[in-house]
Amino acid sequence: MLEPILAEDSTYTKLVPSLEGILNDLNEDATPHDYLVALIVVLLAESGFYLSPTNNDRSQCSKLRSLRIPKNWKKEGTESYEMNFQLETPANVECKLLAVPLGDTLILNFFPFIKYKKIYTISVQTLKYVNPYSSDLPGRYMNLKTFSHRFKDSLSTPVRSDILNTMGLMGPSLQSIPTEVKLRILGMLDVHSLTKMTQCCAEFRDLCAEPQLWKDLLYRDFQGCSSPVIANSKAYYRKQYIERKIRPFGSRRFLRHAGRSLI
């Protein structure tokens, strides 16, 4: 049987080596929150984030098997966890993990130190994923695949995409591809999907308002309407859509409503 590589591959009888190794740093009186934050350090490493030298008082190479918990992982005088991480590639971009316990719930905040930084936050019911009554380490965790996917989708992957996008580097997200490719993709969408894209973020809101994009859509959907003399191609598209697509099926009031909801 193959040895598990990712934390989510752990079973009730066998932990992934990275998680098993970091748990050796926990004391016997470790809390359920301690176990969850130790798991989070592993999940961040799986996403390319490793403890930065300023937050790690021991020599640690960026390998999953060498993960350790820093001595000062909790803020002095509080039960909150605070650690700095660096994305392995590109290097030298600091990120902060701040985990605040509220009873059995842990509020997780993760963000990069970049221009226009965005803080990503989720709340986690610790006892949904940590079993404090288990006598052995593998039995301490539950629903690892569910938590791993949620954490990476909501925190580590968006932060990684923000860093790469800010630095102008290619990444795994739609935001990280070149602008001209984004416009080509947007130009292939139908108008309803394009309207949904404007709600994703400020960048796509601006891209979806590009005059040339709407001129191309006019030519595609209403051939013969595309003209360089049109001052507002987006508004003209709305007008053509109402007149040619909806008018046979509704009243003027309905048409006005449809035009506003469309674009």
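Author: The protein chain has 9 helices and 5 strands. Helices (H or I, at least four residues) and strands (E, at least two) are DSSP runs, numbered from the N terminus. This is a predicted model, where local features need pLDDT of at least 70, side-chain atom pairs count only at pLDDT 80 or more, and totals for chains, interfaces and linings use all residues. Residues are numbered from 1 along each chain as its sequence is written, and side-chain values use heavy atoms, with hydrogens and water left out.

Reader: What pattern does the protein chain follow along the sequence?

Author: The pattern is α-α-β-β-β-β-β-α-α-α-α-α-α-α.

Reader: How many of the residues count as buried, as a percentage?

Author: Start with the cut-offs. Buried means under 20% relative accessible area, exposed over 50%, and partly exposed in between (1.4 Å probe, protein chains only). Here 44% of the 263 residues are buried.

Reader: Which residues touch the most other members of the largest nonpolar core?

Author: First, the idea. A nonpolar core is a set of buried Ala, Val, Leu, Ile, Met, Phe, Trp, Tyr and Cys residues joined through side-chain atoms within 4.5 Å. In this model the largest one holds 49 residues, and Leu108 and Phe147 touch the most other members. Elements giving two or more residues to this core include α1 (17-23), β4 (105-112) and α3 (144-166). The largest share, 11 residues, comes from α2.

Reader: What does Leu108 touch?

Author: Contact means heavy atoms within 4.5 Å. Not counting residues up to four places away in sequence, Leu108 touches Ile40, Leu98, Ala99, Tyr120, Thr121, Ile122, Val124, Phe147, Phe151 and Leu155. Another core lies apart from the largest one. That other core has 14 residues, among them Met197, Phe204, Leu218 and Tyr241.

Reader: Which residues lie nearest the centre of the second largest pocket?

Author: Pockets are found on a 1 Å grid over the protein atoms alone. A pocket is an open set of points where a 1.4 Å probe fits, with protein on both sides within 12 Å along at least five of seven lines; lining residues have an atom within 4 Å of a point. In the second largest pocket, Asp25, Leu26, Asn27, Asp34 and Trp73 lie nearest the centre, out of 12 lining residues. The lining divides into 5 nonpolar, 1 polar and 6 charged. For these classes, Ala, Val, Leu, Ile, Met, Phe, Trp, Tyr, Cys and Pro count as nonpolar, Asp, Glu, Lys and Arg as charged, and the others, Gly among them, as polar.

Reader: Where does Asn143 lie, and what is its phi?

Author: Asn143 lies in the loop between β5 and α3. Its phi is positive, about 55°, although Asn143 is not a glycine. Asn143 counts as partly exposed because its relative accessibility is 40%.

Reader: Is Leu67 buried or exposed?

Author: Leu67 counts as buried because its relative accessibility is 2%. Leu67 lies in the loop between β1 and β2.

Reader: Which helix holds Thr179?

Author: Thr179 lies in α4 (residues 179-186). Thr179 is partly exposed, with a relative accessible area of 38%.
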